[in-house]
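Colleague: I have a new model open on my screen and would like to talk it through. Could you take my questions one at a time?

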Amino acid sequence: MTFGLTGTVPRHVPSDAFAAVLSLVLPGDVVQKVVLLGIFVIATVAGASIVPSERLLPRLVAGVVYAWNPFVAERLLLGHWAFLLGYAALPWVVGAALRAGEPGGGWRLVRALVPAAIGGFAAIAISALVALPIALCAARRRQAVGKAVAALTVLSLPWLVTGWLRPSGMPGHTEGVAAFAARADTPFGTLGSLLSLGGVWNAGTVPAGYGVPLFAVLWLLVVVASIVAAVRFAPNRGLFVAAGVGFVLAALGAVAAPLLRGLIELWAGFAVLRDGQQYVAPLAVVVALGFGALVDRVVRTDRAGVALGVCALALPVVLLPGLAWGAAGKLRPVQYPDAWERARAIVAADPVPGDVLVLPWATYRSYPWNGGRTSLDALPRYLDRRGIVADAVIVDGASIPAEDPRSRGLDPIVRADGPLTGPLRAAGVRYVAIDAETGPENPVHARLAGAERVVASPDLVLYRLDDPAERTEPGPPLLPAALAWFVTVVAVIWAFWPFAAPGITLTTRPSRRGKAP
């Protein structure tokens, strides 16, 4: 499952593999904290690197505004940590793409794209949106574009190849266009919200206090002033092309839904444009560049100038306090129940093959032990065996069908009213896990007559089915996937190898004369 050949869909590759490898050397809760903290550290450092100033304060201001804004807050509350890894490194991608045509520029770009490569297809798509226009406008255009395309392709191989080996999803499916379209979360409507770096489709992930008229007006003024200032300090217009194209793509589902539906019907790959708000990420880079450059022009070395700079440093936090303290309490660590650990041990020790079907038959859960907050079902990733879940998503009444073929195949069986034990055994299911709504009133217990209950607790009920049928259909070939991973890993190691690709820095140190990377 970790590598996308079974269960999980290709867009989860390679972030799942990255988390799994880290969990081999660190406890899972530590991995989570390291990754989340790393997003903010990378975003701050990368955002600071793009400002054409040798003064620390303006660069730090740019880093803070890039790491602390509505876009980061809403994506973090959505749980899109992998995507945010790629977002965090976008300013580095800007600098590396600008110099891609130089000797060693391709390896420099590979290094800058590593966080996006970990994030997977959405993070790479956003990075490509930034890197390609900048390379087109850079010196030595032909070499720069060629190296950019090569770097993006090589780092995309893990999910590109698994997607080719194991296609998923429903071709031409358009129901998700309205569900995932950008929406207004400020008084300025959908377009104004996108310009403010907000506008996420899920109203439940808007941080507390965001959209208050006074704060919204002040933040929009900061964004507009930063964009105007960035025009003066950015030598490469490719960044503005990326921001403009990204804004159009972000608004597409909200203002031109029929057009987006037509594109998806023409080619299912255009479905990546459904979650439009993520494409305002390049605009956040422009805002960071402009805000830092603006502060650099205003702030002087006297006390008044330093005080003004400190106020600018605190401004993003003041205007978006809802991201502080774990997004005002929305983000808090929880401990998995002991029953989950018992289930994992039982499943791992079982030599009999077979999948795990996870019920209730829904993608999201509301657990008592996590404060009743809605979350993605974590059990399939917790168990060391392929999990089958209902990965169909329902948003505002619109249903986006399951992408896993196994899930689609078992859907009629699970949704019917008849016994489950026999049909699931015939389908190669070894375990059935009920990780929510576990009470005796749940009718699914009666449908599992004849199955052995091996874990029974209010947090998890685990049934074991005897003699599941062996699945005979051929799986996807492993060699192409293994080769894809090998090429990508070797490229990353080579890019960081000081003798093969000298110059580990990701961006050019700003000069006193001031030219942004």
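This is a predicted model: local features need pLDDT of at least 70, side-chain atom pairs count only at pLDDT 80 or more; totals for chains, interfaces and linings use all residues.

Colleague: Thanks! How many residues does the largest nonpolar core have?

Modeller: As a general point, nonpolar side chains in soluble globular proteins tend to be buried together. Here, Tyr66, Tyr87, Leu90 and Leu109 have the most contacts inside the largest core. A second, separate core has 19 residues, including Ile388 and Val429. The largest nonpolar core has 104 residues.

Colleague: Which residues does Leu109 contact, leaving aside its neighbours within four places in sequence?

Modeller: Contact here is a matter of heavy atoms within 4.5 Å. With those sequence neighbours set aside, the partners of Leu109 are Val93, Ala96, Ala97, Lys147, Ala148 and Ala151.

Colleague: Why is helix H5 largely enclosed by the rest of the structure?

Modeller: Helix H5 covers residues 81–88. Its buried residues are Ala82, Phe83, Leu84, Leu85, Gly86, Tyr87 and Ala88, and Tyr87 is also among those with the most contacts in the largest core. H5 is largely enclosed because its buried residues number 7 of the 8.

Colleague: Now the open sheet of 5 strands: which strands stand at its edges?

Modeller: The pairing in this open sheet is mixed, and the strand order is E4-E1-E7-E9-E8. Each edge strand has a single partner, so one side of each is left without a neighbour in the sheet. Those edge strands are E4 (387–388) and E8 (452–456).

Colleague: Last one: is Val217 buried, partly exposed or exposed?

Modeller: Val217 lies in helix H12 (residues 213–233). Together with Phe188, Val212, Leu214, Leu218 and Leu221, Val217 makes a nonpolar surface patch of about 500 Å². Buried would need under 20% and exposed over 50%. Since the relative accessibility of Val217 is 39%, this residue counts as partly exposed.

Conventions
Residues are numbered from 1 along each chain as its sequence is written. Side-chain values use heavy atoms; hydrogens and water are left out. A nonpolar core is a set of buried Ala, Val, Leu, Ile, Met, Phe, Trp, Tyr and Cys residues joined through side-chain atoms within 4.5 Å. Buried means under 20% relative accessible area, exposed over 50%, partly exposed in between (1.4 Å probe, protein chains only). Patches are made of residues with over 30% relative accessible area and no salt bridge: like charges are joined within 9 Å, nonpolar side chains (Val, Leu, Ile, Met, Phe, Trp, Tyr) within 5 Å. Accessible areas come from the Shrake-Rupley method with a 1.4 Å probe; for residues, only the protein chains shown count as cover. A salt bridge is a side-chain nitrogen of Lys or Arg within 4 Å of a carboxyl oxygen of Asp or Glu. Helices (H or I, at least four residues) and strands (E, at least two) are DSSP runs, numbered from the N terminus. Two strands pair if DSSP finds at least two bridges between them.
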